[in-house]
Amino acid sequence: RMADLGRGAFVFVRPDDSADDALEAFRSWVTLPYLTDLSIDWGALPVADLSPDKLRDLGSGQTLTVVGRYLSAGEGSVVIRGKLGGRYWEQTVRVVLPERQADSAALSAVWARGRIEDLLRDGGATLESVKAEVIALGLAYRLMSPYTSFVAVDDSRVVNALSPMKAIARDQA
C-alpha cells in the first residue's frame, strides 16, 4: 500500500524465490525507471473515478493498471504521455466504450472495491458523505465494507406433518 501511495514500486518474494534476484530486479526498476512522469489524457471520453490518481513510474517489463468507470458509451483517442529516458514520449490509443458489455460484472466489482478503498484511505472515513457513498457502493455491487455486510438468509419454509411435537402428543394420547 505504501508503494501505491508514494507512486513507488514493490516486489513480492515467494518462499521458493531468490530474495537476491528479487532485490536486483527491484533495484533496477527503482534506480533506472523506463517511463517517468506519466499522465493520461482521456480527451472527451466520459470517464470518472479513476484510480490511481497519480501514476507511478514504470521500469522495463512493468505494467500499469488504471481502473475507472465510464458514464456513457463513446469512442475517442486516449493519449498517454511521459518521459522515456528523459525525453518526451507520447502514445495514442483508440478506445471504444460500448453501451453494454455482458461480461463486465467482475470488472465492475473490481472498480467498486477500489473506489471504496480510495474513499476510506483518503481520510474521509468519518465524513457522512463518504460513509453514504461506501454504503451505496457496497449494496449496489454486493461488497463487504466497514458499513455493509451480507448475511445469507434462507426464507424457504419446510413443513413436516410429523414434527417431533406432534409425534410426542400423539404417543401420549
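**Figure 1. Asp37 in strand E1 of the predicted model.** Asp37 is found in strand E1, which covers residues 35-41, and the coordinates shown here and in the views that follow belong to a predicted model. The phi of Asp37 is near 50 degrees, a positive value in a residue other than glycine. Most residues other than glycine have a negative phi, and most peptide bonds are trans, which is the background for this view and for the two that come next.

Figure 2. Asp49 lies in strand E2, and although Asp49 is not a glycine, its phi is positive, at about 50 degrees. With a relative accessible area of 25%, Asp49 is partly exposed. The side chain of Asp49 belongs to a network of salt bridges that links Asp49, Arg69, Arg115 and Glu133. Side chains of opposite charge can pair when their charged atoms come close.

**Figure 3. The cis peptide bond between Ser51 and Pro52.** The peptide bond that leads from Ser51 to Pro52 is cis, and its omega is near 5 degrees. Pro52 has its place in the loop between strand E2 (47-51) and strand E3 (67-70).

Figure 4. The place of Asp118 is in helix H3, which spans residues 105-124. Is Asp118 buried or exposed? Asp118 is buried, because its relative accessible area is 10% and the cut-off for a buried residue is under 20%. Arg121, at 29% relative accessibility, counts as partly exposed, whereas Asp118, at 10%, counts as buried.

**Figure 5. The open sheet of strands E1, E4 and E5.** Three strands form an open sheet in the order E1-E4-E5, and the pairing is antiparallel. The edge strands of this sheet are E1 and E5, each of which pairs on one side only. Neighbouring strands are turned by 20 degrees against each other on average, with direction ignored. Five bridges join E1 to E4, and within this pairing Leu35 has Leu84 of E4 as its bridge partner. Eleven bridges join strand E4 (residues 74-84) to strand E5 (residues 87-97), and these two strands also run antiparallel.

**Figure 6. The hairpin of E4 and E5, with the salt bridge of Arg81 and Glu90.** Leu84 stands opposite Arg87 in E5. The hairpin of E4 and E5 has two residues between the strands, and Gly85 takes a positive phi there, near 60 degrees. Arg81 forms a salt bridge with Glu90, and the closest N and O atoms of this pair are 3.1 Å apart. Arg81 is partly exposed, with a relative accessible area of 25%, and Glu90 is likewise partly exposed, with a relative accessible area of 41%.

**Figure 7. The salt bridge of Asp16 and Arg14.** The count for the model comes to ten salt bridges, and the pair shown in this view is formed by Asp16 and Arg14, whose closest N and O atoms are 3.2 Å apart. Asp16 is exposed, with a relative accessible area of 60%, whereas Arg14 is partly exposed, with a relative accessible area of 43%.

**Figure 8. A nonpolar patch on the surface.** Which residues form this nonpolar patch? Leu139, Met144 and Phe150 form the patch, and together they have about 350 Å² of accessible area. Phe150 has its place in the loop between helix H4 (128-141) and helix H5 (164-172). With a relative accessible area of 40%, Phe150 is partly exposed.

Technical notes: Residues are numbered from 1 along each chain as its sequence is written. This is a predicted model: local features need pLDDT of at least 70, side-chain atom pairs count only at pLDDT 80 or more; totals for chains, interfaces and linings use all residues. Side-chain values use heavy atoms; hydrogens and water are left out. Helices (H or I, at least four residues) and strands (E, at least two) are DSSP runs, numbered from the N terminus. Buried means under 20% relative accessible area, exposed over 50%, partly exposed in between (1.4 Å probe, protein chains only). Two strands pair if DSSP finds at least two bridges between them. Axes are lines fitted to C-alpha atoms, for helices over the stretch in contact, and angles run from 0 to 180 degrees between N-to-C directions. Patches are made of residues with over 30% relative accessible area and no salt bridge: like charges are joined within 9 Å, nonpolar side chains (Val, Leu, Ile, Met, Phe, Trp, Tyr) within 5 Å. Accessible areas come from the Shrake-Rupley method with a 1.4 Å probe; for residues, only the protein chains shown count as cover. A salt bridge is a side-chain nitrogen of Lys or Arg within 4 Å of a carboxyl oxygen of Asp or Glu.
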